Amino acid sequence: MLVRGTDTRAAFDTPIVSNYIGAEFDATELVVMGHVHEDHMAGLHRLPEAEVHVHEADLPSARSWEGLVAAFGMTSEERIEQTLKKFQRDFFYAPRPDAQGYQDGACWELGGSTVRAFHMPGHTAGHCVLLVEPEGVAFIGDIDLTGFGPYYGDACSNLGDFRRTLARLPDIPAKVWVTSHHRGVYTDRAHFLNDLAAFAAKIDQREQRLLDLLSESPKTLEQLVEQRLLYPAGFNAAWVTDAETRTISQHLAELTANGRVIMDEPGIYRLGN
């Protein structure tokens, strides 16, 4: 998403398509990142002179490979090396040690338009919605409203935060909503709210699937991961086990906190009474 003010040209994130836009993108003077993942950094290598602003909670992920690895939660040295090579090959990955941090409510005056940041964590710790005013265009990033549902499988992700983010999103004073992936541009509020509700419902569907699995028999976390909550059986990409483990663990923490699930020793989960 490109915003051309009378004083400053700005980009929200720099996905793969940035590499094929040409001069219109290459003239960008300011990049405001809604969050930091490799697919949102894919055009930064084209903008060595541009200022890059990142929410402070995602700032280590932007500044170094080590920071991004920590946010992902990767621990296998072999996998870390393989992932770096893949990111460099497929996403032109390069860290930005010069990136600057911003906080919730930060504003950038572009000349005729202002960008305002709303901290909306869950997907990452620093995920933000970026609102262009007075036009009322909201870049909602990886609250992408896809059928996959919310992703909160990184080490810096948080299920509770994502629930709160989804509840708050309709309150942002926008007329247009732009997602990072798949859905694209929404100009009809009713359509946006309908798809947002379906997206949020995936969280409750996942919770119910866990309860259904535990109603069959008590299970360990490892056994639940084998059953899969996010990805279909047989899909074995390198990150899947870690993402499933973190996602299921967050759901189990919520369910045990409210007594719907009980953990017996040694690490066996069963339905509560």
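Modeller: What follows starts with the helix packing, then goes to the strands, and ends with some backbone details.

Quick ground rules: this is a predicted model, so local features need pLDDT of at least 70 and side-chain atom pairs count only at pLDDT 80 or more, while totals for chains, interfaces and linings use all residues. Residues are numbered from 1 along each chain as its sequence is written, and side-chain values use heavy atoms, with hydrogens and water left out.

My pick is H5, residues 159-168. Helices (H or I, at least four residues) and strands (E, at least two) are DSSP runs, numbered from the N terminus. Two packed helices are described by the angle between their axes and the distance between the axes. Axes here are lines fitted to C-alpha atoms, for helices over the stretch in contact, with angles from 0 to 180 degrees between N-to-C directions.

Take H6 (residues 189-216) as a partner: its axis and that of H5 come within 11 Å and cross at roughly 150 degrees. That makes the pair roughly antiparallel (under 35 degrees is roughly parallel, over 145 roughly antiparallel, 65 to 115 roughly perpendicular, the rest oblique). The crossing of H5 and H6 is left-handed, that is, the near helix is turned anticlockwise from the far one by less than a right angle; clockwise would be right-handed. On the H5 side, Leu159, Phe162, Arg163 and Leu166 make contact (heavy atoms within 4.5 Å) with H6 residues including Phe199, Ile203 and Glu207. By class, this contact has 7 nonpolar, no polar and 3 charged residues. Here Ala, Val, Leu, Ile, Met, Phe, Trp, Tyr, Cys and Pro count as nonpolar, Asp, Glu, Lys and Arg as charged, and the others, Gly among them, as polar.

Now H8 (residues 240-257): the axes of H5 and H8 come within 9 Å and cross at roughly 80 degrees, so the two are roughly perpendicular. Leu159, Gly160 and Arg163 of H5 meet Gln250, His251 and Glu254 of H8, and the class count is 1 nonpolar, 3 polar and 2 charged residues. Leu159 and Arg163 also turn up in the contact with H6.

On to the strands, which pair if DSSP finds at least two bridges between them. E3 (residues 30-33) pairs in the parallel sense with E2 (residues 9-12) over 3 bridges, and with E4 (residues 51-55), again parallel, over 4. Leu30 is the bridge partner of Ala10, and Met33 that of Val54. In a regular strand the side chains alternate between the two faces of the sheet. In E3, both faces are covered, with Leu30 and Val32 on one side and Val31 and Met33 on the other, all buried (under 20% relative accessible area; exposed is over 50%, partly exposed in between, with a 1.4 Å probe and protein chains only).

Last, some backbone details. Asp13 has a positive phi, near 65 degrees, without being a glycine; Asp13 sits in the loop between E2 and H1 (23-26) and is buried at 3% relative accessible area. His182 also has a positive phi of about 65 degrees, but counts as exposed at 74%. Pro134 lies in the loop between E8 and E9, and the peptide bond from Glu133 to Pro134 is cis, with omega near 5 degrees.
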